[in-house]
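Please look at the sequence and the model below. A few questions and answers follow for a first reading.

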Amino acid sequence: MKTPKSLVRRTSWPESASQPLVTPLQPSVVYTSGDPDALDAIYTEKTGFSYAREGHPNASVLASKIDYLEGTSGGIITGSGMSAIAAVFLGLLKAGDHVLGGDQLYGRTLRLMTQDLPRLGIETSLGDPTDAASMRAAMRPNTRMIIVEVISNPTIRVADMEGIAQITKETGALLVVDNTFTTPRLYLPFEHGADIVIHSVTKLMAGHSDATLGYAVAQDPALMTAINDANVTWGLTPSPFDCWLAERGLHTFDLRLDKAERNASALAGALAGHPAVERVLYPTRTDHPDHNRAMGLLGGRGGNMMSFILKGGRAAANAFTRAAPEIAFAPTLGDVATTLSHPPSSSHRGLTPEGRANLGITEGFFRVSVGVEDEGILVTEMLRAADEAGRA
Ligand SMILES: Cc1ncc(COP(=O)(O)O)c(C=O)c1O
């Protein structure tokens, strides 16, 4: 009788004196170890990997690259930008704590602040991060942390980061900075008093709209352990394939950002001169409400994000998007190509028209995540769309 053959067996990786040039993708959910002592060492001395939810090589490689950009070490990758924020909140807050947030945080972060944290017995309130005095006035004896974004979405306001860092320094509250819009190329939070930095890696860092990931890091190892434990225990951890894609995107992050920023600056100037455009919001422009602060904080850089307001309301907005088919009308940011979003019909649709008007978000408001395409083509397309908006 023939011995039956089975393909279900443990195959060892071929020996090789050479190394792959590209980071290998490692999808394994679990890792074998030699004996219980070796497994003990993996848990206690971090000598290797055991189970992918607890960590895997592709997440470690990606985290160490973002650590390098942020000038730190020990950061972790999470399954999305929101799970990075969730890991920080779940790891560091308890019922009875108070969190103060910027009043123009990303929509889902605002939802966490206004609905989910209160449900867990955590007090929250929002303040204007461009006005450190109002943030100081909103502090409570139990304020455990302040969470802010440096550049607000979609109004492109620039927070008073120095003033806010001074408050956390004096009160002992933790300063959490969502550095997604600014990226470490424009702003290094740890050089300005931050305790914790988070990112939606989904955006500019991964850069190709094909991976959803986040990153969180704390300078203090005890805080970092608590954040990592929340990530692993609540299952917020990332897929190896997404990490692999994001690492590939990260290779060109600085090139993409610099080119997109040049495009954004050119586009801001071109749109500002168009008769159908009421206003352009871009930090390096002298008519930006926080221009002086932005120039100091961002080292004279403006980044790839800009907003503009069309005269003519919704009709002009519809005409603009229809006339620019090459510019994807999609509510995301940080893609390699330019994307256009209309906050009144997407991220801010939940607000009343008055609530939107208070933020300056009218029906003609667009946010642009500028990409790396040819500057001439981009500017021509946008100006042509503005012409159409003017005729609507
Ligand atoms: C500033 C900011 N923070 C966090 C997030 C959440 O990131 P993700 O979509 O990766 O969960 C976003 C998403 O747009 C964002 O813009």
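Predicted model: local features only at pLDDT ≥ 70, side-chain atom pairs only at ≥ 80, totals over all residues.

Q: How far apart do the C-alpha centres of domain 1 and domain 2 lie?
A: The domain assignment of the protein chain places domain 1 at 56-250 and domain 2 at 253-391. Between their C-alpha centres the distance is 25 Å.

Q: Which helix gives the most to the side of domain 1 that touches domain 2?
A: The contact takes 25 residues from domain 1 and 30 residues from domain 2. On the domain 1 side, helix H7 (183-186) and helix H9 (240-250) each supply at least two residues. With three residues, the helix that gives the most to this side is H7.

Q: How many charged residues does the shell around the ligand have?
A: The ligand is surrounded by 13 residues, and the closest are Ser80, Gly81, Tyr106, Ser200 and Thr202. By class, the shell has three nonpolar and eight polar residues, and the number of charged ones is two.

Q: Which strands are the edge strands of the open sheet of five strands?
A: The order of this sheet is S8-S9-S12-S11-S10, and its pairing is mixed. An edge strand here pairs on one side only, and this holds for S8 (277-281) and S10 (328-329).

Q: What is the bridge partner of valine 280 in S9?
A: S8 pairs with strand S9 (residues 305-310) in the antiparallel sense, over four bridges. For valine 280, the bridge partner in S9 is phenylalanine 308.

Conventions:
Residues numbered from 1 in each chain as written. Domains from an automatic or database assignment. Contact = placed C-beta atoms within 7 Å. Near = placed C-beta within 6 Å. Nonpolar A, V, L, I, M, F, W, Y, C, P; charged D, E, K, R; others polar. Pairing = 2+ DSSP bridges.
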